[in-house]
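Colleague: I would like to go through the labels on this model and check each against its criterion. Please give the value and the cut-off each time.

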Amino acid sequence: MAVHRGLLSLGAAAVLAGAPTAWAHDHHGANLNLDPGEPIGGVLKMHIILMTVSFAILFPIGLVLGLRKHRWHVPVQATGGVLAIIGFVLGHAHGGRAFPENAHSKFSWFMLWLLAGQLGAGIYLKLHTERRFNDRARPFVKIAHKLMAIVMVVATYVQIVLGVVAWLGYCYGGFLGQCLAHLIMGSSFLAYGVWLLLLVRLAMPWLVRFGRSPELYDSAMIMTWGLFNTFTEHGFIEEAHGWSHKDLQHTSLGVIWFCGGLLSTYMLRKSGPSDRSMFPAIILIFTGCAMGSHEQDTEFSTKVHFVFGLSLVLAGITRCMEIMLITTGLIKNNGQEPNPFQYIPVFFLCHSGMMFMAANRESVSAIGNMGIDIGTFSLGYLSISFLLFFYAYFLMQLYTDLGKKDNKDMALPTAADGIAYHTVSRASEAHDPVGDIPHADTHVLFDAADEDDYDVPEMAPNTFRNRNAASGNSPRSSDEIELGPMRHD
């Protein structure tokens with residue numbers, strides 16, 4: 001996800017910076033009706049629906065199915081590909097409302113070629129050419145297929161944001177710089193929340209295997225982003241004339257992120273998975289306090305920034321509480337199922353990202369002119385945050401459930417199934433009807449002394465033996481494990 005976050009920021013910066021000069025198809029132009037209040041036609045509505053279903057729903061689900069090698073991977077991806085091609089044609093052939101030249105239209109061609117490469121690689125792998133000749137390219141195609149699928153998810157998010165911007169008619173002229181800053185920073189907080197959800201939900205065994213602290217990756221991302229933010233907040237997109245109080249505040253936040261991230265990264269450079277750090281959370285708290293008190297042009301905009309800052313502060317405080325509860329043992333973190341409290345800081349991070357993207361000058365001005373109060377505005381974006389969190393959690397839960405289904409037949413029964421394991425010295429003891437277990441239907445799973453005798457005719461049914469006599473390496477070469485019903489003494 002660190003790679004995702006960088007791609008997201010750089011991709012959004014590139015396409016938005018080129019928005020004023022982006023090429024578009026023929027019916028986009030200055031001589032047409034570009035009124036943003038003009039209703040969109042049915043063809044354009046179908047374009048939006050088909051593209052949303054294919055790129056935002058089917059392709060991410062297909063990615064999860066592909067990672068689990070599920071039989072529905074190909075049908076889902078093929079269906080998404082067909083819908084995407086139809087939607088692309090409709091998007092370049094609709095009538096009705098026209099749009100000025102925009103980055104959404106330009107970026108669609110990149111999405112089309114990415115989709116073609118992804119589907120082409122999938123078809124190539126499905127042909128299994130290695131069965132006919134020595135296919136040396138197959139390993140590289142498999143890697144490219146997975147990388148393009150990951151890039152597709154990030155690019156889909158960027159394209160959806162650009163589509164909303166084009167629909168609303170924002171980010172033109174002198175508004176480009178502040179619009180770009182809000183979209184990139186808001187997306188970064190949203191990506192940070194999804195990254196933490198990935199760590200909490202799926203990546204704990206991975207962290208244990210690599211022996212790293214969860215906050216090490218947080219700290220490295222914060223340090224890198226702070227360095228980038230320090231040198232891009234003043235005169236990076238537009239020519240700056242002097243330093244305003246906003247430039248000073250945003251740049252100082254970049255410096256804080258870099259310095260705090262550097263400190264935390266250095267402290268955790270040799271730490272294990274059980275070692276935690278509260279410095280990333282403290283950085284979020286100070287950032288939230290600064291942004292919540294950020295002076296704005298209008299009262300409504302000030303309130304929006306206050307809600308954004310409050311979300312960041314809550315994310316930092318709950319993250320500190322989570323770390324404290326885990327390190328003191330009040331929360332049992334076994335790396336399998338997260339504690340419900342661990343999802344709270346993740347959600348507040350996602351919500352803070354949504355609120356900051358909504359806090360751009362044009363959006364706040366339009367909402368204020370409609371007479372919507374800050375409570376309604378905040379609840380509306382809170383609902384969107386819940387939906388985004390739900391979808392990210394759904395994809396990760398789907399990945400987990402498919403893994404459990406694949407391993408279901410390989411797992412041994414447990415005590416929860418009413419099964420007990422008993423060690424006996426001979427198979428005759430396991431099948432002795434006169435014993436402590438008043439049940440004759442017992443099963444010997446294996447005998448450490450007879451591993452290779454699975455097909456011996458005289459063996460009892462449901463008995464698996466393990467022979468290691470030749471090597472003599474088994475410390476219990478004569479033991480058998482007996483599987484029988486639970487005893488209740």
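Colleague: What separates Glu322 and Arg319 along helix α10?

Modeller: They are three residues apart, which means about one helical turn. Helices are DSSP runs (H or I, at least four residues; strands are E, at least two), numbered from the N terminus. This is a predicted model, in which local features need pLDDT of at least 70, side-chain atom pairs count only at pLDDT 80 or more, and totals for chains, interfaces and linings use all residues. Residues are numbered from 1 along each chain as its sequence is written, and side-chain values use heavy atoms, with hydrogens and water left out.

Colleague: What makes the contact between Glu322 and Arg319 a salt bridge?

Modeller: The N to O distance is 3.5 Å. A salt bridge needs a side-chain nitrogen of Lys or Arg within 4 Å of a carboxyl oxygen of Asp or Glu, so the pair qualifies. Salt bridges with shared partners join Glu215, Asp218, Arg276, Arg319 and Glu322 into one network.

Colleague: How do you know that Arg319 also pairs with Asp218?

Modeller: Their side chains meet at 3.1 Å, N to O.

Colleague: Why are α3 and α4 called roughly antiparallel?

Modeller: The axes of α3 (residues 73-91) and α4 (residues 103-127) come within 11 Å and cross at roughly 150 degrees. Axes are lines fitted to C-alpha atoms, for helices over the stretch in contact, and angles run from 0 to 180 degrees between N-to-C directions. Angles over 145 degrees count as roughly antiparallel (under 35 roughly parallel, 65 to 115 roughly perpendicular, the rest oblique), and the two helices therefore get that label. Their crossing is left-handed, meaning that the near helix is turned anticlockwise from the far one by less than a right angle (clockwise would be right-handed).

Colleague: What does the same test give for α6 and α10?

Modeller: Helix α6 (residues 176-210) packs against α10 at about 25 degrees, with the axes 14 Å apart. That makes them roughly parallel. This crossing, too, is left-handed.

Colleague: What qualifies Ile282 for the nonpolar surface patch?

Modeller: Ile282, in helix α9, has 31% relative accessibility and counts as partly exposed. Patches take residues with over 30% relative accessible area and no salt bridge, joining nonpolar side chains (Val, Leu, Ile, Met, Phe, Trp, Tyr) within 5 Å and like charges within 9 Å. The patch covers about 610 Å², and its members include Leu263, Phe279, Ile282 and Met324. α9 gives the most, with three residues.

Note on methods
Accessible areas come from the Shrake-Rupley method with a 1.4 Å probe; for residues, only the protein chains shown count as cover. Buried means under 20% relative accessible area, exposed over 50%, partly exposed in between (1.4 Å probe, protein chains only).
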